[in-house]
Amino acid sequence: MYTILRKTHLYAGLVVLLFVLMYFVTGYLIIHADWFSPTEPTVVEQEAALNAPADMDAEALSRYVQHHLDLPGKRLPPTRLKDGGWRFQYQRPGTVYRVEVTADRNRAHITRETMGWQWTLNRLHHLHGYGGGALYTLWGILLDLVGLSMIVFAVTGIYLWYKLTRKRRLGWILLALSWAFTLGTMGYLWFAP
Amino acid sequence: MKQPFRRQSDLRSWILQLHLYGGLICSSYLVIYGISTLDFNHPNALTRGNRATVTWDRALTLSDAGDDARLAEQVRDALGLFGWPLSWTMRRDDDNNFHFDLARPGKRYVVRVALGENRVYVEEERQRLWSIIRGLHGLGNDVPGSRFLIAWGLFTEVTTWIVIFSALSGVYLWTFRRKERRVGAALTLGALGITLALFLYLILHG
């Protein structure tokens with residue numbers, strides 16, 4: 001049992017190493033956003049002819065627009081505009097494309113926002129969920145692996161500590177403090193007015 | 001004077017102890033990170049929504065300086081609540097009411113301040129446990145109105161550094177495991193290559 005869990009801890013750590021480092025380094029930039037104030041994004045706007053078929057549903061139209069205008073990024077859920085048109089968004093870390101399609105589906109207004117490195121890393125950190133293209137599905141799978149690994153590191157780490165040490169008083173104290181504090185904070189958020 | 005191999009062994013032992021005990025300190029936060037990450041990646045009806053909505057009101061005398069953000073903070077503090085007043089929900093209506101939402105992990109308040117009556121009407125949405133777990137994910141020490149959560153912000157800071165240290169020290173400790181060196185190297189290099197290629201591809205061509 002010990003060998004299996006030690007290898008699980010080790011190999012899981014090596015496989016998700018860069019992903020975990022990326023999340024904690026970019027997370028640090030996010031919690032200290034005031035230290036790394038982002039620069040204003042560069043905005044470029046343009047018009048394009050579209051002539052999209054009228055019988056497409058919103059999701060199909062979003063795919064068509066992305067393909068027709070050659071826009072990279074993850075497809076985000078479409079928004080219906082009051083005049084009957086559609087707004088689509090395609091996002092990759094550092095760049096967002098917003099496309100407003102007229103109600104007759106003949107024209108598109110494209111807005112491209114290019115962000116600085118702070119926002120690029122911020123968006124990389126916040127990228128989640130399945131769908132929007134094969135690349136983003138792969139990202140979703142890796143993110144699931146990272147999430148599972150966090151739980152695996154905690155559980156196997158406690159087991160490995162228990163097996164590797166004889167004097168355990170300090171360890172029990174740290175463990176109890178950690179869990180008591182987390183559960184206490186959850187209780188505070190649950191019961192506080 | 002200590003011999004070189006002894007010094008290396010001492011260093012390894014110290015790093016192992018820090019790796020082990022640091023891991024114990026942040027073990028509960030790692031579980032929070034793990035569950036919340038899976039929840040972010042798989043949003044579903046079970047983890048969203050409210051467990052209950054309660055309405056209440058209270059008499060309150062306020063000095064309306066005309067600044068909506070400042071007024072919302074005054075109301076929050078006077079009611080003994082904490083959280084972020086959401087700027088995009090702030091509005092005034094023709095009946096001299098000021099509306100805003102206040103959010104924090106676990107709860108959201110829809111607030112109507114009846115300025116003419118000196119009364120506040122609150123719709124309190126008590127969210128599910130999942131909302132608290134998501135809310136604790138990377139929560140800093142900037143939750144307005146709560147001194148207690150400053151401690152959680154410190155925990156976030158400590159956990160971040162421990163995880164970065166643990167990731168790097170884990171690689172260091174692995175290099176002493178002769179039997180697992182080959183498999184580990186193959187896994188590490190493979191995973192590093194794929195992950196780095198994915199990051200770059202996503203940012204440059206995604």
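In β5(B), Tyr121(B) is the bridge partner of Arg112(B). This is a predicted model, in which local features need pLDDT of at least 70, side-chain atom pairs count only at pLDDT 80 or more, and totals for chains, interfaces and linings use all residues. Residues are numbered from 1 along each chain as its sequence is written, while chains are lettered from A and ligands numbered from 1 in the order in which they are written.

Strands (E, at least two residues) and helices (H or I, at least four residues) are DSSP runs, numbered from the N terminus, and two strands pair if DSSP finds at least two bridges between them. Axes are lines fitted to C-alpha atoms, for helices over the stretch in contact, and angles run from 0 to 180 degrees between N-to-C directions.

Each chain has a two-part domain assignment, with bounds that come from an automatic or database domain assignment. Chain B is given domain 1 (4–43 + 151–175) and domain 2 (50–127), and the C-alpha centres of these two domains of chain B lie 40 Å apart. Chain A is divided into domain 1 (2–35 + 136–191) and domain 2 (42–115); here too, the centres, taken over C-alpha atoms, are separated by 40 Å.

Within chain A, helix α1 (residues 2–15) packs on helix α5 (residues 134–164) at an angle of about 135 degrees, with the axes 9 Å apart. α1(A) is therefore oblique to α5(A); angles under 35 degrees count as roughly parallel, over 145 as roughly antiparallel, 65 to 115 as roughly perpendicular and the rest as oblique. The crossing of α1(A) and α5(A) is left-handed, a label used if the near helix is turned anticlockwise from the far one by less than a right angle, with right-handed for clockwise. Among the residues that meet are Tyr2(A), Leu5(A) and His9(A) in α1(A), and Val152(A), Phe153(A) and Leu160(A) in α5(A). By class, this contact has 7 nonpolar, 6 polar and 2 charged residues. Ala, Val, Leu, Ile, Met, Phe, Trp, Tyr, Cys and Pro count as nonpolar, Asp, Glu, Lys and Arg as charged, and the others, Gly among them, as polar.

Between the chains, the contact takes 52 residues from chain A and 52 residues from chain B, two residues being in contact if their C-beta atoms, placed from the backbone, lie within 7 Å. On the chain B side, α1 (4–41), α3 (129–136), α4 (148–174) and α5 (181–204) each supply at least two residues. The largest share of that side, 18 residues, comes from α1(B). The residues of the chain B side divide into 32 nonpolar, 19 polar and 1 charged.

One helix pair spans the two chains: the axes of helix α6 (residues 169–191) of chain A and α3(B) come within 10 Å and cross at roughly 125 degrees. α6(A) and α3(B) are therefore oblique to each other, and their crossing is right-handed. Thr185(A), Met186(A), Leu189(A) and Trp190(A) of α6(A) make this contact with Ile132(B), Gly135(B) and Leu136(B) of α3(B).
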